[in-house]
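Student: Could we go through this model together? I would like to begin with the chain as a whole and then move to details.

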Amino acid sequence: MKKQYWVAGGAVLIAVVLAVNNFRGQARVKAESVLTAKARVALGRAGSGLVAGPGKVEPVSEDIKVGSELSGKLKQVMVEEGDRVHRGQIVAELENADYRAAIESAEATVQQREAELRKVINGARRQERGEAFATVEQNKAVMENAKAEMDRRNQLFAAGIVSREEDERYISQYQVALANYNEAFQHHSLVDDKPREEDRAGSEAALALAKSELAEAQARYQKTLICSPIDGIILRKHHRSGESVSNSSTVPDPIVTIGDNSLLRVRMDVDETEVAKVRVGQAAYVTADAYGAEKFRGQVIRVGEELGRKNVQTDEPTEKVDTKILETLIQLDRGTQLPVGLRVDAYVDTGARSQ
């Protein structure tokens, strides 16, 4: 009976070992499924010292899709694919005649508000002050003459020479002349006085508002000029002059794709069965069918922290839902020339670190 148990247990153990080996073999085949035949041969010769996986070449900046914050028609696109551009360089322009007109209108309003503020600060002109002062002097003379006539009529009335009605008429004339003099004096004081604080504050506020509206108009106009955010190269031109574009902040609608290709990187897919072998700093190289046996060397600069989907896929439907790939980034040596987007076979030497 015990012998039978031992035999049964041994059979189970052998079955488990075979299943594990079969699983590992399937995982390795799965990991190599998108490698070229030449890459699989190279991997087989290298043995366990290499971790291989498919990869795609990208610029050090990754692909930057540059669009417009405004919807409209493209007046012109100034660049072509392959052109080198600098940070801040205008690469495209929307039709913007109405935005320029808004700036000119806002500038005119600012000038008007500035003139009004100067008028408040400076007060009346010298000629206006002189005219007001002359009016005061004129009314003063009339008032003094009326007062003299009134005093003389008071004396004659006291002596019984003139009637009360005549005396009262000259008193009334004096009172009118005095009122006119006081009015002219107050007007001169107003013209000659400093501006009121509330008048100046109101004019300053109106000028500040006009300047803010000008800044807003200028900002809207600047959004019609699409500029490169980096130094790089035009990787793809999505739109041409005369075509309409949408607001890229709500609907992805890039005008151009830009990348900094002064350094190239390869985004490599590492299967979950081999993630423990890959470390930052390890030497690596890539090959591509178009370049024969030539190796483009570099080093691992980043290893992902989370398993995810493949970056390089074949036509196998299951790859779209496969989330058992660790993204690894290889930076190629400076001066490497490869087309951005090229699919390559990537190899990480797990036994060596880059010098």
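Predicted model: local features only at pLDDT ≥ 70, side-chain atom pairs only at ≥ 80, totals over all residues.

Student: How many helices and strands does the protein chain have?

Tutor: The protein chain contains six helices and 14 strands.

Student: And what about the surface: how much of it belongs to carbon and sulfur atoms?

Tutor: Carbon and sulfur atoms account for 51% of an accessible surface of about 21,800 Å².

Student: Among contacts between residues at least 6 apart in sequence, what share joins residues at least 24 apart?

Tutor: That share is 77% in the protein chain.

Student: Let us turn to the sheets. What is the strand order in the open sheet that contains E9?

Tutor: The order is E2-E9-E7-E4, four strands with antiparallel pairing. Strand E2 (64-66) and strand E4 (84-85) are the edge strands; each has a single partner strand, so one side of each lacks a neighbour in the sheet.

Student: How many bridges join E4 and E7?

Tutor: Two bridges join E4 to strand E7 (residues 232-237), in the antiparallel sense. Valine 85 has glycine 232 in E7 as its bridge partner.

Student: What is the order in the open sheet with E3 in it?

Tutor: That sheet also has four strands with antiparallel pairing, and its order is E6-E5-E3-E8. Its edges are strand E6 (225-227) and strand E8 (244-245); each has a single partner strand, so one side of each is left without a neighbour in the sheet.

Student: Which residue stands opposite glutamine 76?

Tutor: Glutamate 93 in E5 stands opposite glutamine 76. Strand E3 (residues 72-77) and strand E5 (residues 90-94) pair in the antiparallel sense over three bridges.

Student: Moving on to strand E1: how many of its residues are buried?

Tutor: Nine of the 10 residues of strand E1 (residues 50-59) are buried, so the strand is mostly covered. E1 pairs with strand E10 (residues 264-271) in the antiparallel sense, over five bridges. The bridge partner of glycine 55 in E10 is methionine 268.

Student: A change of topic: how many aromatic pairs are there?

Tutor: The count comes to two aromatic pairs. One of them joins tyrosine 285 and tyrosine 347, which are stacked, with 4.9 Å centre to centre and 20° between the planes.

Student: Where do tyrosine 285 and tyrosine 347 lie?

Tutor: Tyrosine 285 belongs to strand E11 (residues 282-287) and tyrosine 347 to strand E14 (residues 343-353), so the pair ties together parts that are 62 residues apart in sequence. Both tyrosine 285 and tyrosine 347 are buried.

Student: What is the geometry between tyrosine 291 and phenylalanine 296?

Tutor: Tyrosine 291 and phenylalanine 296 form an edge-to-face pair, at 5.3 Å centre to centre and 85° between the planes.

Student: Why does phenylalanine 296 count as buried?

Tutor: Phenylalanine 296 counts as buried because its relative accessibility is 8%, and the limit for buried is under 20%. Tyrosine 291, at 30% relative accessibility, counts as partly exposed.

Student: Finally, which arginine has its charged end over the ring of tyrosine 285?

Tutor: Arginine 297 does, with its charged end 5.4 Å from the centre of the ring of tyrosine 285. Elsewhere, the charged end of arginine 153 sits over the ring of tyrosine 170, at 4.1 Å from its centre.

Technical notes:
Residues numbered from 1 in each chain as written. Heavy atoms only, no water. Pairing = 2+ DSSP bridges. Contact = heavy atoms within 4.5 Å. Areas by Shrake-Rupley, 256 points an atom, 1.4 Å probe, with all protein chains shown as cover. Buried < 20%, exposed > 50% of the residue type's maximum accessible area, 1.4 Å probe, protein only. Phe/Tyr/Trp six-rings, centres within 6.5 Å; stacked < 30°, edge-to-face > 60°. Lys NZ or Arg CZ within 6 Å of the ring centre and 35° of its normal.
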